[in-house]
Amino acid sequence: MAQHRHRLREMEALRALVTTGTTIGAARRLGVSQSSISRALGQLEQRVGRALFLRSSGRIEPSAAALRLNAQLDPLFETLALIEGAEWASADEEPLRLIVPPTLAHNFVISRVAAFLKQNPGKNLQLDIQATDVLVSGILDLHYDLGLTSAMIQRSGVTLVPWLRSPVVCAMPTGHPFEEKDTITPADLEGVELIEFLRRLGTRAITEQIFARAGVRPRTVAETATNMAALELVREGLGVTLLNPFPVLTGGMPGISVRPFDAPITYNTSFVLPSGRQPSELARQFMDYVKVSTPPDDYSEFV
C-alpha cells in the first residue's frame, strides 16, 4: 500500500508540474516543498527507466514523453476526483489565462469575454492584450492557456486551431473612384496611393509578389503595423489599403467603403494552444462560446 502511495505522489507531482509549468507552482498546488516535487519527479524517472524532464539553468520542464504520460493519467485522476473530491475536481475553478492582440481584443474579444462571464458566474478569466510575437512566446512558455490571433504564425511548439477564414479586401475612403467597381483587381492599383503594412508582417511579402506578377506598381504613401492605423489613414483620404476585414470592418466603419480584392490572400483567425497539451475545460468552453456567439458576416466564413 505504501508503495502505491509513493507512486501516486509521483504522478501527482508530474501532473502539477505540467499544469503549473514550474516546480514552485507544483509545490504550491500540492502543498509540499519544492524539493519534494523535485525528488518525486526524480523517483518517477527512475521507476520508468528514462528521462522525462528537461533540466536547464535551474528549470525543469516536461519532455514530450512526460506530456504523453500525463495525458494517459487523465482517466485515473478524473476517477479519483469523482471518488474523493480531490483537488483535480476543482481544476476548472482556476482562471483561464487568455492573450489576444490589440485589434482583436478591442474590436471583438472583450465583448465576448464579458458575455461569457455573465453567462458563467463563478468562472474567472484573465485577459492580456499583447502583440502577436508576445502571444506566441507566452503560449510557448505556458504563461497563457489560450490565444486568439489572425496573424500568419509558423512556429513549432504552438498549435493553431483555425476558426474563421476571411479573404482580403480593399478599403477606401468614402467617395473614392473605386466605389464604382464591384471588385478591385491588382491592375486597378497601378499608380494608386496605397497604405501598406510593414515588411516584418507576413502579408507584405505576399502583396508584393502579387503586384510583381501583375506588373503593377502602386504608389506607397505610408506603412503601418496595425489594421486600425491603416484604416484611419484611409479615412483621412491618404489612399487605399488591402487588409483582413475581421474584425474591424465586420460592422462597417464610418468614412470607409470596402470592396473584394481579386487576389489569393486569405486570413485565418485561429485559437492558439501549447502543442502537446489538451486545453482545459474552461478553455474549451470559451472557444465553443466564441464559435456559437459569432454570427456570419459579409466578409468571413467559418472553417
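Predicted model: local features only at pLDDT ≥ 70, side-chain atom pairs only at ≥ 80, totals over all residues.

Me: Is the crossing of α6 and α10 left-handed or right-handed?

Reply: Right-handed.

Me: And which residues in α6 and α10 meet there?

Reply: From α6 you have F108, R112, V113, A115, F116 and Q119, and from α10 L282, Q285, F286, Y289 and V290. By type, that contact has eight nonpolar residues, two polar and one charged.

Me: Switching to the largest nonpolar core: which members touch the most others?

Reply: The core has 23 residues, and L98, F108, V109, L146, L148, W163 and F286 touch the most other members. At least two residues each come from β3, α6, β5, β6, β12 and α10.

Me: What does L146 touch?

Reply: Leaving out residues up to four places away in sequence, L146 touches L96, R97, L98, I99, I139, F271, V272, L273, A283, F286 and M287. There's also a second, separate core of 20 residues, with I37, L44, F53 and A65 among them.

Me: OK, α7 next. Which residues are buried in α7?

Reply: L135, V136, G138 and I139, in a helix that runs over residues 132–140. Those four span an arc of only 165 degrees around the axis, so they sit on the same side of α7.

Me: What do the buried residues of α7 pack against?

Reply: Strands β3, β5, β6 and β12.

Me: And what follows α7?

Reply: L142, with a positive phi near 60 degrees.

Note on methods
Residues numbered from 1 in each chain as written. Heavy atoms only, no water. Core = buried A, V, L, I, M, F, W, Y, C linked by side-chain atoms within 4.5 Å. Buried < 20%, exposed > 50% of the residue type's maximum accessible area, 1.4 Å probe, protein only. Contact = heavy atoms within 4.5 Å. Arc of directions from axis to C-beta. Left-handed = near helix turned anticlockwise from the far one by under 90°. Nonpolar A, V, L, I, M, F, W, Y, C, P; charged D, E, K, R; others polar.
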